[in-house]
Amino acid sequence: MTAQQLTHVLSGMCTLALSTVTAKGEPRISGVDGHLLHGKWLFGTARGSAKARHLSARPAVSAAHMRGEDLGVFTHGRAEILNPHDGEPAEDWPDLLAYLKDFYGEDLFDWDNDVVYYRLQPHWMAAYAPDVAKFTALSRP
């Protein structure tokens with residue numbers, strides 16, 4: 001599957017299994033809404049969550065998106081905070097926030113205080129699709 005084909009298949013929201021690490025080095029996995037934008041996963045969590053604390057202290061993460069046995073996308077990298085509570089947001093945060101509000105709705109929650117968003121900066125990413133034609137047929141106009 002080419003990168004272009006993969007971006008068509010992964011448009012919109014894709015549920016990710018996201019793995020973080022505790023202070024004791026114990027793995028923790030949970031689900032997040034993932035959005036593949038410009039070859040990088042964008043995801044969020046509640047500001048006060050254990051996941052946010054783990055990512056603040058140890059930003060190394062792994063993520064997997066799977067659709068049965070038909071598709072697997074696996075990523076290892078570092079989580080970059082996009083909208084820190086007490087700091088400057090990422091340069092492209094206004095555009096990303098507009099995308100998220102368009103996708104989820106303006107009034108879902110307090111975007112400045114309730115949620116923190118991250119971009120997974122991959123150092124390794126792989127996709128597996130044994131029947132690429134199955135997905136490319138679905139994405140043709």
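**Exercise 1. Find which residue the side chain of Glu80 meets in a salt bridge, and work out what else joins the network.**

Step 1. Start at Glu80: its side chain meets that of Arg119 in a salt bridge, at 3.0 Å from N to O. The term stands for a side-chain nitrogen of Lys or Arg within 4 Å of a carboxyl oxygen of Asp or Glu.

Step 2. Strands here are DSSP runs (E, at least two residues), helices are runs of H or I with at least four, and both are numbered from the N terminus.

Step 3. Now look for another partner of Arg119. Asp92 forms a salt bridge with Arg119 too, with the closest N and O atoms 2.7 Å apart. Asp92 lies in the loop between E5 and helix H3 (93–104), so this pair ties together parts that are 27 residues apart in sequence.

Step 4. Check the exposure. Buried means under 20% relative accessible area, exposed means over 50%, and partly exposed is in between (1.4 Å probe, protein chains only). Arg119 counts as buried because its relative accessibility is 12%. Glu80 is partly exposed at 27%, and Asp92 is partly exposed at 28%.

A word on the model before you go on: it is predicted, so local features need pLDDT of at least 70 and side-chain atom pairs count only at pLDDT 80 or more, while totals for chains, interfaces and linings use all residues. Residues are numbered from 1 along each chain as its sequence is written, and side-chain values use heavy atoms, with hydrogens and water left out.

**Exercise 2. Decide whether the rings of Phe43 and Tyr118 are stacked or edge-to-face.**

Step 1. Rings of Phe, Tyr and Trp (its six-membered ring) pair if their centres lie within 6.5 Å; planes under 30 degrees apart are stacked, over 60 edge-to-face, and the rest tilted.

Step 2. Apply the rule. The ring centres of Phe43 and Tyr118 are 5.4 Å apart and the planes are at 20°, so the pair is stacked. Phe43 is in strand E3 and Tyr118 in strand E6, 75 residues apart.

Step 3. Phe43 is buried at 0% relative accessibility, and Tyr118 is buried at 4%.

**Exercise 3. Which residues touch the most other members of the largest nonpolar core?**

Step 1. Know what counts: a nonpolar core is a set of buried Ala, Val, Leu, Ile, Met, Phe, Trp, Tyr and Cys residues joined through side-chain atoms within 4.5 Å.

Step 2. Pick out the residues. This core has 22 residues, and Leu10, Trp41, Phe43, Leu71 and Tyr118 touch the most other members.

Step 3. Look for another core. A second, separate one has ten residues, including Leu42, Trp93, Leu97 and Val115.

**Exercise 4. Is His38 buried or exposed, and where is it found?**

Step 1. Locate His38: it is in the loop between E2 and E3.

Step 2. His38 is exposed, because its relative accessible area is 81%.

Step 3. Check the backbone: phi of His38 is near 55°, a positive value in a residue other than glycine.
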